[in-house]
Structures are given as structure tokens and as C-alpha cells.
Amino acid sequence: MLTIENLSVRYGETEALNDFSLNIRKGNIYSLIGPSGCGKSTLLKVLCGIIKSFEGKISFNDKPFNPNDIKIGYVPQQYGLLDWKTVKENIYLPFKLDKDKEVIEKEIKEVIKSLEIDDLQNRYPSQLSGGQNQRVALARAFISRPDILLMDEPFSSLDTFTSAISQRLFLSLWQKYKVTTLFITHNIHEAVSIGEHIIIMSKAPGKIIHEIENPLFNVEEYEEDKLKFVASIIQKTGYR
Ligand SMILES: Nc1ncnc2c1ncn2[C@@H]1O[C@H](COP(=O)(O)OP(=O)(O)OP(=O)(O)O)[C@@H](O)[C@H]1O
Ligand SMILES: [Mg+2]
């Protein structure tokens with residue numbers, strides 16, 4: 001569905017991505033892991049249209065990719081909520097409510113409920129905890145029914161407990177909508193918990209060094225198997 005071929009991106013002298021190629025299939029979740037500075041956020045910025053200058057070819061359903069032609073849900077590294085708008089206003093931001101108002105309202109309420117943020121709707125982002133901000137950002141991204149959901153280390157600033165809860169809420173919502181997702185993390189445990197496919201990037205400038213199918217995707221808590229699998233990935237990365 002989304003094909004990235006030989007993508008290279010530079011910021012002046014700095015080479016952020018080098019010859020990066022990836023094929024993203026519809027309805028699948030990809031976890032992308034790589035060390036700090038290897039170009040993960042740069043990749044998402046290219047895909048959501050913030051960075052327009054790059055080499056290589058990107059296509060969507062076999063046509064040249066134009067971020068303005070498709071619906072993209074983007075959860076940036078720092079939530080991306082508007083501080084001067086309430087939780088409710090932030091969540092409704094992607095919508096023109098004149099169209100299918102009732103259907104949309106019903107769906108929005110369901111997402112808000114499943115992410116457990118019903119009671120926070122009249123607060124402002126500054127009045128929320130990190131995990132709550134995160135869930136509001138996820139709600140907004142899901143509700144816009146994106147063709148592709150791009151998430152940049154969404155759980156990284158959360159404590160282990162809150163992160164685990166947020167990941168579970170995300171996955172239960174994903175089961176319902178099956179949104180094509182590219183999930184970025186530098187945490188291998190998170191990559192294994194979320195990703196159907198695990199893509200491992202090299203140090204900067206980033207390119208893919210391994211692509212692994214996750215045998216534990218959607219398998220209920222086999223903690224020991226998960227730890228063994230995480231260990232095998234750590235060995236593969238060769239990160240020091
Ligand atoms: N606006 C910019 N101007 C110049 N260099 C930049 C800019 N943004 C990123 N870089 C550089 O490009 C490289 C890739 O950055 P990027 O933010 O994509 O890394 P990352 O993999 O997301 O890292 P992290 O895990 O720390 O978030 C880094 O060397 C970074 O310093
Ligand atoms: Mg980043």
C-alpha cells in the first residue's frame with residue numbers, strides 16, 4: 001500500500017536517512033526501532049509532509065505519494081495538542097461536523113470511552129498528566145480514521161506502568177479499526193508488544209538492517225517467550 005524506495009534525507013551536511021526502503025501493507029502494524037539520531041522522526045516527517053525535500057520514491061497504492069491526498073494520523077514525539085484548546089476541542093479538531101454528525105459523534109464517544117478519558121474533556125492539556133495527554137493525542141489520531149497512523153515514540157515519556165496501560169488501550173482500539181500503523185520506538189519491549197512486523201534500523205544515517213515477523217503479535221502474555229524474543233533482537237541489532 002505504501003512503498004518507500006531508496007529514501008535519503010539530508011539536513012545540510014547531516015545525512016539523516018540513507019537509502020531507506022520499506023513496504024507497508026494495509027491493515028498491518030510496523031514497529032520501527034533504531035538508536036537515537038538514526039532518522040526515525042525524519043522518516044515520519046517526510047511521510048506526513050513536513051519535510052518535502054528528499055531523494056527516492058514514495059508511492060501510495062501504486063500512485064506517487066502526496067501527503068495531502070490521503071488521511072494521515074500523526075502523533076508527534078511531543079503529543080502535538082493545542083494548549084489553548086480543551087481536550088474535547090483538541091479531539092474534534094480534524095472534523096467538519098456537518099457531515100454524518102451522529103455517526104461521528106457515536107464513534108468519537110466510543111474511542112474516548114475506550115481510552116478512558118471521558119472525565120477529562122473540559123480540561124486543558126496543561127492540566128493533564130503525560131499519560132493522559134498521550135491518550136488524548138491517540139484519540140484524535142484514531143478518530144480521524146486515517147489511511148495511515150504515524151506514531152513517534154508515543155509512550156516513551158511515560159512510566160512503565162502507565163506505558164503498559166496505554167499500550168493495551170492502543171491495541172484494543174487497533175483491533176477494532178485495524179488502522180495501518182507505523183509505530184516508532186527505541187524500546188525493544190515496546191516494539192515486540194505493539195508490532196506485527198519489527199523493523200530494525202542501523203545507527204545514523206539510518207537504513208534497515210533487519211525486518212522480522214513478530215511470532216508473539218496478538219499472543220496473550222507469554223512473558224518468558226517475549227523476553228527470549230527481545231533478547232534475540234538485541235543480539236541482532238548489534239547496538240553497543
Ligand atoms: N532540523 C534539523 N536540522 C539539522 N539536523 C537535524 C534536524 N532534525 C534532525 N536533525 C539531525 O538528523 C538526524 C536524525 O534525526 P531524527 O530526529 O530523525 O532522529 P531520531 O531517530 O528520531 O532520534 P531520537 O530517537 O533521538 O528521537 C540527527 O543527527 C539529527 O541531529
Ligand atoms: Mg525522534
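Guide: What follows goes from the whole chain to its sheets, a helix and the ligand.

Visitor: Where does the model come from, and how is it numbered?

Guide: This is a predicted model, in which local features need pLDDT of at least 70, side-chain atom pairs count only at pLDDT 80 or more, and totals for chains, interfaces and linings use all residues. Residues are numbered from 1 along each chain as its sequence is written, while chains are lettered from A and ligands numbered from 1 in the order in which they are written.

Visitor: How many helices and strands are in the chain?

Guide: The chain has seven helices and 10 strands. Both are DSSP runs numbered from the N terminus, with helices being H or I of at least four residues and strands E of at least two. The radius of gyration of the chain is 18 Å, close to the 18 Å that the globule rule gives for 240 residues, so the chain is as compact as a globular protein of that length. That radius is taken over C-alpha atoms, and the rule is 2.2 Å times the number of residues to the power 0.38.

Visitor: What box do the C-alpha atoms fill?

Guide: Along the principal axes, roughly 45 × 45 × 30 Å.

Visitor: And what share of the residues is buried?

Guide: Buried residues are 33% of the 240. A residue is buried if 20 or more other C-beta atoms lie within 10 Å of its own, exposed if 12 or fewer, and partly exposed in between, with C-beta atoms placed from the backbone.

Visitor: Now the sheets. What is the order of the six strands in the open sheet?

Guide: The order is β6-β7-β8-β3-β9-β10, and the pairing is mixed. Two strands pair if DSSP finds at least two bridges between them. β6 (72–75) and β10 stand at the edges with a single partner strand each, so one side of each has no neighbour in the sheet. Neighbouring strands are turned by 15 degrees against each other on average, direction ignored.

Visitor: How is β9 placed, enclosed or open?

Guide: Five of the five residues of β9 (residues 197–201) are buried, so the strand is largely enclosed by the rest of the structure. In a regular strand the side chains alternate between the two faces of the sheet. Here His-197, Ile-199 and Met-201 are buried on one side of β9, and Ile-198 and Ile-200 are buried on the other.

Visitor: Which strands does β9 pair with?

Guide: Strand β3 (residues 29–33) runs parallel to β9, joined by four bridges, and Ile-33 has Ile-200 of β9 as its bridge partner. Strand β10 (residues 208–213) pairs with β9 in the antiparallel sense over five bridges. There Ile-198 stands opposite Ile-212, and a hairpin of six residues joins β9 to β10.

Visitor: What about β7 and β8, parallel or antiparallel?

Guide: Parallel, over five bridges between β7 (residues 148–152) and β8 (residues 180–185). Met-151 is opposite Phe-183 in β8.

Visitor: What is the order of the four-strand sheet?

Guide: That open sheet runs β2-β1-β4-β5, with antiparallel pairing. Its edge strands, β2 (14–24) and β5 (63–64), each pair on one side only. β1 (residues 2–11) is joined to β2 by seven bridges, with Val-9 opposite Leu-17 in β2.

Visitor: Where does α1 lie?

Guide: Helix α1 (residues 40–47) lies across β1 and β2, at about 65 degrees to β2. α1 also lies across β3, β6, β7, β8 and β9, at about 150 degrees to β7. The axes are lines fitted to C-alpha atoms, for helices over the stretch in contact, and angles run from 0 to 180 degrees between N-to-C directions. A contact means C-beta atoms, placed from the backbone, within 7 Å.

Visitor: How many residues of α1 are buried?

Guide: Seven of its eight, among them Lys-40, Leu-43 and Leu-47. Just after α1, Gly-49 takes a positive phi of about 90 degrees.

Visitor: Which residues are closest to ligand 1?

Guide: The closest are Tyr-11, Ser-36, Lys-40, Ser-41 and Thr-42, out of 13 that surround ligand 1. Being near means a C-beta atom, placed from the backbone, within 6 Å. α1 gives the largest share of the shell, three residues.

Technical notes. Contact = placed C-beta atoms within 7 Å.
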